[in-house]
Amino acid sequence: MFESRIIEINGTFVGTIILEEDRRTRRFYAAHESVQSLHNKRYPDGQDLRTSVIRKFKATFAQHNLSAV
């Protein structure tokens, strides 16, 4: 691991983007159950990875809120 950045959404820590050894590929380490399906996914671009994580978190959160009604 050469560098990492945390991803927080509305104050909730969901995971970390890790720059891999090739210094181009980024890997996601999921820390929140709502984004667990993205754990260890690799992306060539950090922004694409971040966008995927945010979408997954929001979709899971919305689904959970609908089932609670």
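Which residue is the bridge partner of E3 in strand 2? In this predicted model, local features require pLDDT of at least 70 and side-chain atom pairs count only at pLDDT 80 or more, whereas totals for chains, interfaces and linings use all residues. Residues are numbered from 1 along each chain as its sequence is written, and side-chain values use heavy atoms, with hydrogens and water left out.

The partner of E3 is L19. Strands (E, at least two residues) and helices (H or I, at least four) are DSSP runs numbered from the N terminus, and two strands pair if DSSP finds at least two bridges between them. Seven bridges join strand 1 (residues 3-9) to strand 2 (residues 12-19) in the antiparallel sense. I9 stands opposite T12 of strand 2. Two residues lie between the strands of this hairpin, where N10 takes a positive phi near 50°.

The sheet is open, with four strands in the order 1-2-3-4 and antiparallel pairing. Because strand 1 and strand 4 (42-43) stand at the edges, each with a single partner strand, one side of each is left without a neighbour in the sheet.

Beyond its neighbours within four places in sequence, I7 is in contact (heavy atoms within 4.5 Å) with T12, F13, V14, G15, I17, F28, R50 and V53.
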